Amino acid sequence: MKIGELYSPDQNNRVILFNDVSRLPAKVLDSMAEQFNDVFVVWNHRGIICFASLSVKRLLGYSKEELLGKPWYEYIQGKRVPDLDIVVSKEMNKSLQLELFDKNNEPVYVEMIVTKVDDGISGGEFFICTLKDMTVNKKAEETMKQAEKMSIIGELSASIAHEIRNPLTAIKGFLQLLQAGINHKDEYYRIMGDEIEKIEAITSELLSVAKPSNKKRKYVNIGDLIHDVVVLLQSQAKLKNITITVEKPITEKIYCDSSQIKQVLINLIKNAIEAMDEPGEITLTVASNEEYTIIDVKDEGIGVPQEMIDRLDQAFFTTKEGGTGLGLNITKEILKKHGGFLKVMRNETKGSTFQLYFPKINDGL
């Protein structure tokens, strides 16, 4: 595609497109752009905006006049991408999912595509940027994730209630003994303290899964993440005589939102428990290669057939009666945002292994 002159204030609001001799008023272009929900912004080789559709005000809050003649990267800013101009130059012609600032410094979720075109007259370069509003999609996605979380919590309630009832019964018994004036009070107090800590650990992990993520990422020891999740799921596994084994030591760290990765691990371990109709073992292993840190979740269930493995990333596809089909879809989406991915394989003997891949971080961290 060839572009001739583009809008600038001293050109009587006229442009030449596609190397055509006809001239179109800028308001005609605006009218054309307004037929779409997308926003169109054009800048020259110096990064100066020379055209913006009127729809930019609806998306980012800036009027067209505020943008013309200004550097694009000062107004189209990435919320967590400080060098957005560098990112755009590397990902030219690719769809980028970004969180931008609007005029009021509020987050706006967009899909951005930037295309470079040549000026058919002077040989200069122009860049056409398309911004598609994804805010509604983003909110729907967050709602879906939260609904999946609450579904998991609901399903865990029975086993957690059972696990909490045991220490409560022990505490009640010791209190009755103390009221009766039995000796060995110090020993009873110690045991009661241990039982209360068990209850506290379970309820704390349940709350950490239920609350919305604060979207803060940091370097986290994988062993700590796995420990917290196992505390939460151990009771459900016991009800089916399933043992959750964690192969140690685990020294690897990943850069992540710990709440989201806990949700991923809960999804996979819970699926493994449900896949096992007989007593058995679920094994969690952590390893690293040159590029990735890998978490293996291995079960001894019936195994996932290859034809189903190929369909597991489809939304709403499920092999479980009453399942939503969103668990693995959300898992893959969370991993993707952390720069990772999921692999599923059928074990040689029985069961399946789900592998979580995370970008390896520097050893010095």
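Let's start with N44. In this predicted model, N44 has 12% relative accessibility, so the residue counts as buried; the cut-off is under 20%. Where does N44 sit? Its place is in strand 4, which covers residues 39-44. Setting aside neighbours within four places in sequence, N44 is in contact with C50, E125, F126 and F127.

Compare N241. That asparagine is at 54% relative accessibility, and it counts as exposed because the cut-off there is over 50%. N241 lies in the loop between helix 7 and strand 10. Its phi is positive, about 55 degrees, although N241 is not a glycine.

Another asparagine with a positive phi is N105, at about 65 degrees. N105 is in a loop too, between strand 6 (96-101) and strand 7 (107-119).

One more backbone point. K248 and P249 are joined by a cis peptide bond, with omega about 0 degrees. P249 belongs to the loop that links strand 10 (242-246) and strand 11 (253-256).

Now the chain as a whole. It has 10 helices and 15 strands. There are 365 residues, and 43% of them count as buried. Take the contacts with a separation of 6 or more: 57% come from residues 24 or more positions apart. The accessible surface is about 20,200 Å², with 51% of that belonging to carbon and sulfur atoms.

On to helix packing. Helix 7 runs over residues 222-239, helix 8 over residues 258-275. Their axes are 10 Å apart, at an angle of about 35 degrees. The crossing is right-handed. Who makes the contact? From helix 7 we have L225, I226, D228, V229, L232, L233, Q236 and A237. From helix 8 come S258, I261, K262, L265, I266, I269, K270, I273 and E274. By class, that is 11 nonpolar, two polar and four charged residues.

I226 comes back in the core. In soluble globular proteins, nonpolar side chains tend to be buried together. Here the largest nonpolar core has 38 residues. Which residues have the most contacts inside it? They are I226 and L356.

Look at L356. Beyond its neighbours within four places in sequence, L356 is in contact with V264, L265, L268, T293, I294, I295, L335, F341 and L342.

V39 takes us back to strand 4, residues 39-44, where N44 has its place.

Notes. Residues are numbered from 1 along each chain as its sequence is written. This is a predicted model: local features need pLDDT of at least 70, side-chain atom pairs count only at pLDDT 80 or more; totals for chains, interfaces and linings use all residues. Side-chain values use heavy atoms; hydrogens and water are left out. Helices (H or I, at least four residues) and strands (E, at least two) are DSSP runs, numbered from the N terminus. Buried means under 20% relative accessible area, exposed over 50%, partly exposed in between (1.4 Å probe, protein chains only). Contact means heavy atoms within 4.5 Å. Accessible areas come from the Shrake-Rupley method with a 1.4 Å probe; for residues, only the protein chains shown count as cover. Axes are lines fitted to C-alpha atoms, for helices over the stretch in contact, and angles run from 0 to 180 degrees between N-to-C directions. A crossing is left-handed if the near helix is turned anticlockwise from the far one by less than a right angle, and right-handed if clockwise. Ala, Val, Leu, Ile, Met, Phe, Trp, Tyr, Cys and Pro count as nonpolar, Asp, Glu, Lys and Arg as charged, and the others, Gly among them, as polar. A nonpolar core is a set of buried Ala, Val, Leu, Ile, Met, Phe, Trp, Tyr and Cys residues joined through side-chain atoms within 4.5 Å.
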